[in-house]
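Visitor: I'm new to this one. Could you walk me through how to read it?

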Amino acid sequence: MYAQMIKTVSSGVKSRDEMSDEERAFQDKIDRDIKIEPRDWMPEDYRKTLIRQIGQHAHSEVVGQLPEGNWITRAPTLERKAILLAKVQDEAGHGLYLYSSAETLGITRDEMIELLHEGRMKYSSIFNYPTLNWADIGAVGWLVDGAAIINQVALQRTSYGPYSRAMIRICKEESFHARQGYHAIMKMAFGTPEQKRQAQDAVNRLWFPALMMFGPSDAESVHSEQSMAWKIKVKSNDELRRQFVDQTVPQIEYLGLDLPDPEIKWNEERGHYDFSDPDWKEFFDVIKGNGPCNVDRMKNRKEAWEDGAWVRDGLLAHARKRAAAKVAAE
Amino acid sequence: MADVDKNNLLQFLLRMGDNTLILGHRVSEWCGHSPVLEEDIALANTALDMIGQTQMWLGYAAEVQGEGKTADDLAFLRDAWDFRNVLLVELPNGDFGQTLMRQFLYDAWSSIMLGRLVKSSDPRVAEIAAKASKEVAYHVERSADTVVGLGDGTEESHRRMQAALDYLYPYVGEMFESDEIDRAMAEAGIAPDPASLREEYDALVARVLDEATLTVPEGKYVHKGGRNGYMHTEHLGHLLCEMQWLQRAYPGCEW
């Protein structure tokens, strides 16, 4: 998922009477679940909000390579190394579909990357947390991709055609990642006492950051209403978070690990688990750039981009020479 | 298994599998740091193929060894002196140009070698080569294209690619060294004598480097000592420290 705190560009939801004819026709399409396609008319605010959302999602896939890449060279078996490489390759591929999808809205990938590097676009807060032991890699697949899937399954129904289609494709791969992640942490939880300790440590550290992935509570979540009306956002943050907790708690219990939050209890009346809120102050600190890895992640990405400039320039220069030679030959 | 001294076959398989293991590891170090997203995908994909090939080569090596070990035991529990990869693949990544030049110089050899191994008298070797050669055909196409693109790109990219070639070329010769193990493999029809691949290799490399407007260095000196384990570079030990750390720190676990 990886799109959180998307500030909707909007001056508030308009009633049908306030809408222009174009806006009304557009809203009618959305209400009838007809996808909006790149060449269709769309309100400027819808376009801008989607660029923010899809762009943030794409950036998250790309930055998300770093905490996982942190363990590729230390993966404990050839099979685990292969699985992790395949996963990271998938994530980079997701970044590619999502950038392409955002490009249909009239912005280039390079422009989005520049906005990211200038701090004017964000990526999911989760990738500002470190991966400290091998069980973290299992936990990232299981909890982080698991949380992402919950949001992305909902977003398969999103109103913008290219985004919706990207989500459908991405969901298939993410489900696979979540299963592989769970399998990896099972090996740890059912392994030696030292392995189990690593698994517990990973769950303890990543639980609340995973809950934060759904964004602030609905009460705090400004501008959601317009995104819901446009079907850019399909379910509320709290609804998705609850679904995640309900799905994940039995999985933690199956692993024989302690629950990372003493307040987690089944609530018979509501038919859901009760649980503690994450520390929202910490969440806003991370969003503002004060998470444990924000500075390093951005430094790494900027260096990769700057150090690679000569490669991009070189390949482009060669392609131009080749095209010119072809024209000359014709 | 073909009728051949078991230890010679084992050494041959280790040479194949250690090359792919160590180079696959090096390439995987790029994850998330490459110049453009398409290259992140391509590098991860290349590394993944090489780790897959390692599983096959070292898996067979462990069977031939017959001590009940696995491919993982061979990868994660041998020390540097028991590794049989050529020095070229253990050299550091350097910049993206050096990484892709190293890849091309290796892929060119690997594509020719695997092309011969598909006809190996050892059916397992032939089977592994058949699978790996499809992947390597794509690798060499891509690394050659990138070498051409960057060699014949801007002044800076040309300069960097020439510097990469100058640094790496003295390590090329080791891939064509022959010893008694190679002679035994050749006699049994399991693998060609590496020296016999040189002409085809030189022709392929010359064609690509010519298109890339790069010049093969004149020096004839050859660094060697990896494929017979006599003397690796200082780089291998550090690579193994990282790669083998979990297995060494928590021995006997299932992962």
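Guide: Happy to; we'll take the chain interface, then the pocket, then the salt bridges. Keep in mind that this is a predicted model.

Visitor: Let's start with the interface. How many residues of chain A are in contact with chain B?

Guide: The idea is to look for atoms of one chain that come within 4.5 Å of the other. Here 48 residues of chain A do so, and they meet 49 residues of chain B. Between the two chains, about 4100 Å² is buried, with carbon and sulfur atoms giving 67% of that area.

Visitor: And which charged links or polar contacts join the two chains?

Guide: Look for a Lys or Arg nitrogen within 4 Å of an Asp or Glu carboxyl oxygen. There are four salt bridges between chain A and chain B. One of them pairs the side chains of A:Arg109 and B:Glu38, at 2.5 Å from N to O.

Visitor: Which helix gives the most to the side of chain A that touches chain B?

Guide: Several helices of chain A supply at least two residues each, among them α3 (65–72), α7 (161–189) and α13 (309–329). The top contributor is α4(A), with 14 residues. Sorted by class, that side of chain A has 22 nonpolar, 14 polar and twelve charged residues.

Visitor: Now the pocket. How much space lies in the largest one?

Guide: In general, rolling a water-sized probe over the atoms shows where empty space is left. In this model, the largest pocket holds about 790 Å³ of space. It is lined by 38 residues, and those closest to its centre are A:Met5, A:Ile6, A:Lys7, A:Arg52 and A:Gln56. Helix α2(A) provides the largest share of the lining, six residues. As for class, the lining divides into 17 nonpolar, twelve polar and nine charged residues.

Visitor: Back to salt bridges: how many are there over all chains?

Guide: The whole structure has 36. One to find is A:Asp40 with A:Lys29, whose side chains meet at 3.2 Å, N to O. A:Asp40 sits in the loop between α1 (21–31) and α2 of chain A, while A:Lys29 is in helix α1, eleven residues apart.

Note on methods:
Residues numbered from 1 in each chain as written. Chains lettered and ligands numbered in written order. Predicted model: local features only at pLDDT ≥ 70, side-chain atom pairs only at ≥ 80, totals over all residues. Heavy atoms only, no water. Buried area = accessible area lost by both parts, 1.4 Å probe. Helix = DSSP H or I, 4+ residues; strand = E, 2+ residues; numbered from the N terminus. Nonpolar A, V, L, I, M, F, W, Y, C, P; charged D, E, K, R; others polar. 1 Å grid on protein atoms, 1.4 Å probe; cavity = no way out; pocket = protein on both sides within 12 Å on 5 of 7 lines; lining within 4 Å. Points joined across faces, edges and corners; volume = space filled by probe spheres on them.
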